[in-house]
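Hi,

Here is the structure I said I would pass on.

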Amino acid sequence: MPRKPTVVRTVPALRRAVDALRARKATIALVPTMGALHDGHVSLVRLAKRRAKRVIVSIFVNPTQFAPTEDFGSYPRTWKEDVAKLAAEDVDLIWHPEVKAMYPDGFATRIVPEGPATAGLEDRFRPHFFGGVATVVGKLFTQCRPDVAIFGEKDFQQLRVVTQMAADLDLGVKVIGSKTVRERDGLAMSSRNVYLSPEQRQAAPTLHRVMKDTAARLRAGEGTAAAMAAGAASITEAGFVLDYLEVRHAATLAPIGSLKDGPMRMLVAARLGSTRLIDNIAV
């Protein structure tokens, strides 16, 4: 029988639990999540176990990163299944606060990130998002005091924002990106994939396929504008409403003209019906 992780829901209880984990100077890894865990999250936990002696997983659906028109109320919540998955991975501690524990009455301080948070990708369509992410992750880092924190590369702009914030604010946390975990047909695993209808689920892997094809054209020497335009047309023809398909510098997310300008990352966001999918690959 797997050992059930300790679950804490208040900041004082978390501090006591972290102090106990720190006994004998044990290293701590944090895996921040919003729950509805899938195999992609499990891969983050397994990387965390390789990088530290003790592992904390936070499960908190953060209201400040959702716009009023987005799915905060309906976001998948699968607490019992999540605990079972984390128990099977021998996680030490689950931090599962109520909203009022994270944002008590009178809460008035927020982090406003710039740099990669203002690259004109996700921020162009969700201008509220990275302020909410940076604030909650900053709180998680100070609450859990991890040595390392593991984030998935699927949310690549988020990974760059959190990495920059941890460095800029001297938080003492090493942020580590973990490779995107995919279904057999290439679709990036996401908690929001449950929203897809059977027909939409069949179409969804088009994003990854088009990115791979477009990256191959770029590596073969095709001009960036032409290759990206063809990729965007393929995505639209498959029934998506495209928000963006962009190739950017992998470190800064600045626009990039060719492979000669540095390491490249291709990023996409598109909607199938009411479901918004994001993905990215190295070029």
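**What I found**

Arg145 is partly exposed, with a relative accessible area of 33% (buried means under 20%, exposed over 50% and partly exposed in between, with a 1.4 Å probe and protein chains only). Before I go on, the ground rules: this is a predicted model, where local features need pLDDT of at least 70, side-chain atom pairs count only at pLDDT 80 or more, and totals for chains, interfaces and linings use all residues. Residues are numbered from 1 along each chain as its sequence is written, and side-chain values use heavy atoms, with hydrogens and water left out.

Back to Arg145: it sits in the loop between helix H6 (129-144) and S5. Helices (H or I, at least four residues) and strands (E, at least two) are DSSP runs, numbered from the N terminus. Arg145 has a positive phi of about 50°, although it is not a glycine. Ala36 also shows a positive phi of about 50° without being a glycine. You'll find Ala36 in the loop between S2 and helix H2 (39-51), and at 9% relative accessibility it counts as buried.

Now for H6 itself. Thr135 lies in this helix and is buried, at 4% relative accessibility. Leaving aside neighbours within four places in sequence, Thr135 is in contact (heavy atoms within 4.5 Å) with Tyr103, Phe107, Thr109, Arg110 and Ile111. Phe129 and Gly186 are 57 residues apart in sequence and 26 Å apart in space, C-alpha to C-alpha.

On to S5 (residues 148-152): 4 of its 5 residues are buried, so this strand is largely enclosed by the rest of the structure. Strand S2 (residues 28-33) runs parallel to S5 and is joined to it by 2 bridges; two strands pair if DSSP finds at least two bridges between them. Ala29 has Val148 as its bridge partner in S5. Strand S6 (residues 174-178) is also parallel to S5, with 5 bridges joining them, and there Phe151 is partnered with Gly177.

There is also an open sheet of 3 strands, in the order S7-S8-S9 with antiparallel pairing. S7 (241-249) and S9 (275-282) stand at the edges with a single partner strand each, so one side of each has no neighbour in the sheet. On average, neighbouring strands here are turned by 10° against each other, direction ignored (axes are lines fitted to C-alpha atoms, for helices over the stretch in contact, and angles run from 0 to 180 degrees between N-to-C directions). Helix H10 (residues 224-237) packs on the sheet, touching S7 and S8, and its direction makes about 150° with that of S7. S8 (residues 264-272) is joined to S9 by 8 bridges, and Arg271 has Arg276 as its bridge partner in S9.

Lastly, have a look at the second largest pocket. It is lined by 17 residues, of which Ile59, Phe60, Val61, Arg77 and His96 lie nearest its centre. For the record, a pocket is an open set of points on a 1 Å grid over the protein atoms alone, where a 1.4 Å probe fits, with protein on both sides within 12 Å along at least five of seven lines; lining residues have an atom within 4 Å of a point.

Cheers
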